2 protein chains.
Amino acid sequence: MIRVGIYGYGNLGRGVEASVYKNSDMELVAVFTRRNPSDLIIKTKNVPVVSCNDVLAWREKIDVMIICGGSATDLPEQTPYLAKYFNVVDSFDTHAKIPEHFSNVDDCAKEAGKIALISAGWDPGMFSLNRLYASAVLPDGKDYTFWGKGVSQGHSDAIRRIDGVVDARQYTIPKEDALSRVRNGENPELSTRDKHLRECFVVVEEGADHKKIENEIKTMPNYFADYDTVVHFISAEELKLNHSGIPHGGFVIRSGNTGFNNENSHIIEYSLKLDSNPEFTASVIAAYARAIYKLSLEGVNGCKTVFDIAPSYLTAMSNEEIRAHLL
Amino acid sequence: MIRVGIYGYGNLGRGVEASVYKNSDMELVAVFTRRNPSDLIIKTKNVPVVSCNDVLAWREKIDVMIICGGSATDLPEQTPYLAKYFNVVDSFDTHAKIPEHFSNVDDCAKEAGKIALISAGWDPGMFSLNRLYASAVLPDGKDYTFWGKGVSQGHSDAIRRIDGVVDARQYTIPKEDALSRVRNGENPELSTRDKHLRECFVVVEEGADHKKIENEIKTMPNYFADYDTVVHFISAEELKLNHSGIPHGGFVIRSGNTGFNNENSHIIEYSLKLDSNPEFTASVIAAYARAIYKLSLEGVNGCKTVFDIAPSYLTAMSNEEIRAHLL
């Protein structure tokens with residue numbers, strides 16, 4: 001059994017708990033929290049909730065620590081620190097800062113002889129893998145990534161900060177026309193506006209100025225100004241009834257040519273349709289936790305990404321089984 | 001530059017030649033043939049065509065030999081033999097015999113300190129990878145592989161062997177209804193007949209008995225009897241005009257659930273739409289030839305499959321570049 005610790009118990013931490021439950025070769029041994037441990041009720045029976053302050057006492061009892069903090073401020077601190085004492089996996093997803101995070105974690109893990117994997121999930125993660133495989137196979141081609149239909153937490157939060165807004169849910173939606181052009185091998189140049197639509201469901205205070213709020217949303221720089229944005233005002237009840245899930249997904253498509261005269265074109269498409277963004281992210285993380293565990297037994301150390309892990313490490317099946325049944 | 005040899009110059013060998021041309025870190029150094037070398041004109045200028053009998057003279061001049069023979073009788077002989085002298089890649093695709101082929105090649109490669117990769121291509125190959133990744137990420141789920149729309153060489157050949165048939169082209173077509181049910185997460189049990197349709201374009205001799213030939217096709221065991229089969233009789237000109245390409249493709253879909261009560265479902269879909277089956281297969285092989293070359297420099301030996309190769313080995317980009325741009 002692979003002994004797993006969960007560090008941080010928000011949406012992602014709860015997702016990891018559910019994923020460990022689905023993997024019969026893994027067991028959850030502790031959940032670590034910054035909150036008061038006695039205030040936290042977790043789903044798994046007979047597993048202790050422990051204060052983050054006591055984490056080092058668990059060094060010999062955990063094979064892989066899955067760090068479920070946020071990328072903005074938690075993970076840049078937590079992952080390098082914990083990599084000094086544990087094999088770790090995180091889902092760091094600030095794409096622009098990955099090289100810096102990698103380097104920090106690599107230093108700590110190498111010094112401690114531990115192995116770390118950063119940026120597991122679906123983007124970064126499964127989407128990254130598909131961008132790499134597709135570009136290696138079709139070097140003369142063009143990559144497209146579309147996200148959605150799904151809830152963007154960041155955009156929903158941005159709307160909630162507007163005066164008069166009580167709650168909001170924002171969906172990122174890929175534009176069908178852009179998707180079709182890419183799938184047809186047209187290799188289009190697509191602007192931000194061409195690729196995605198933003199649809200917002202907004203609950204406002206009584207007497208709030210709908211026109212003004214709608215305008216504030218649509219003109220918000222970085223978040224909405226560069227997109228076609230649709231705003232619906234709905235009741236709190238309707239939001240709860242129809243928009244309480246956290247679905248997401250998307251598409252990675254590469255269109256490329258082969259032949260001495262580029263005479264043949266090919267489309268590689270990978271897509272995800274997810275009922276629960278955090279549970280799927282957690283499922284990817286669990287598979288990589290297994291890989292990290294196996295590699296730690298081989299004495300491998302330092303920081304890794306999904307690019308560095310041979311696929312066979314992800315599965316509980318033996319190499320003989322996967323060659324016989326999946327190849 | 002990675003010095004590549006091509007062993008066998010049929011459709012796949014020509015595809016590999018075109019792929020090497022698309023990869024700026026590779027150069028073709030020789031094509032080996034069982035035919036009389038002077039009878040063979042290849043596309044690349046100033047590259048020698050050499051008799052298979054003289055292949056051992058090229059041991060020091062080739063980094064990776066790409067073996068382009070057929071799986072039925074060529075590769076079971078050629079790959080173990082050549083793995084004694086070269087790093088090799090093949091596209092062995094008889095799924096049921098992969099374990100035996102792996103073992104034979106592994107013995108020869110290990111003894112010689114060479115590295116070999118078998119079964120590169122798209123199925124086995126990219127489809128296998130996607131079956132593995134998806135099953136590792138969603139352990140509680142179900143896999144579906146659909147092929148087509150595309151030309152099946154084996155089925156076309158089977159029709160050509162019927163008395164009175166001059167030429168034929170058979171397309172394997174996934175059934176839309178089955179695809180939709182899988183994409184909807186219904187996890188259906190699908191029979192052979194439910195999944196694929198077989199469409200045949202057949203040219204017959206003058207005065208041939210259409211009814212009889214159509215019946216012979218539709219009732220042919222293994223090839224057609226278990227499928228819904230559509231037969232069209234067309235002229236040789238029409239066959240040449242509309243059916244001379246070798247397109248193919250298909251879908252690998254996994255539908256699975258997460259959550260303590262399976263409350264969330266997820267669909268992972270990978271699909272290929274290929275103008276040229278052999279050129280795309282060759283493109284995958286070229287990327288794995290690069291991986292094999294890099295691993296040989298690290299002193300790795302023995303037989304590998306796509307499951308054993310970390311994705312970073314496939315690309316000409318550095319690890320820093322892929323982390324910065326593709327993760």
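## Basis of the model

In this predicted model, local features need pLDDT of at least 70 and side-chain atom pairs count only at pLDDT 80 or more, while totals for chains, interfaces and linings use all residues. Residues are numbered from 1 along each chain as its sequence is written, chains are lettered from A and ligands numbered from 1 in the order in which they are written, and side-chain values use heavy atoms, without hydrogens and water.

## Relation of the two chains

Contact here means heavy atoms within 4.5 Å.

Helix 4 of chain A packs against helix 10 (residues 277-297) of chain B at an angle of about 105°, with the axes 8 Å apart. Helices (H or I, at least four residues) and strands (E, at least two) are DSSP runs numbered from the N terminus; axes are lines fitted to C-alpha atoms, for helices over the stretch in contact, and angles run from 0 to 180 degrees between N-to-C directions. Helix 4 of chain A is thus roughly perpendicular to helix 10 of chain B (65 to 115 degrees; under 35 is roughly parallel, over 145 roughly antiparallel and the rest oblique).

From helix 4 of chain A, Tyr133(A), Ala136(A) and Val137(A) take part; their partners in helix 10 of chain B include Phe280(B), Tyr288(B) and Arg290(B). This contact has seven nonpolar, one polar and one charged residues (Ala, Val, Leu, Ile, Met, Phe, Trp, Tyr, Cys and Pro count as nonpolar, Asp, Glu, Lys and Arg as charged, and the others, Gly among them, as polar).

## Pockets

On a 1 Å grid over the protein atoms alone, a pocket is an open set of points with protein on both sides within 12 Å along at least five of seven lines, whereas a cavity is a set where a 1.4 Å probe fits but cannot get out; lining residues have an atom within 4 Å of a point. Points are joined across faces, edges and corners, and a volume is the space filled by probe spheres set on them.

The largest pocket has a volume of about 1,700 Å³. Its lining comprises 50 residues, with Ser71(B), Asp93(B), Gln153(B), Gly154(B) and Asn277(B) closest to the centre. Helix 5 of chain B gives the most to this lining, four residues. The second largest pocket, of about 1,400 Å³, is lined by 39 residues, and Asp93(A), Asp123(A), Gln153(A), Gly154(A) and Asn277(A) lie nearest its centre.

## Cavities

There are two cavities of 30 Å³ or more. The largest holds about 140 Å³ and is lined by 16 residues, among them Asn130(A), Tyr270(A), Asn130(B), Tyr133(B) and Tyr270(B), which lie nearest its centre. Helix 4 (126-137) and strand 13 (264-274) of both chain A and chain B each give two or more residues to this lining, which has 13 nonpolar, two polar and one charged residues.

The second largest cavity holds about 30 Å³. Its lining includes Val137(A), Leu138(A), Pro139(A), Lys22(B) and Ser283(B).
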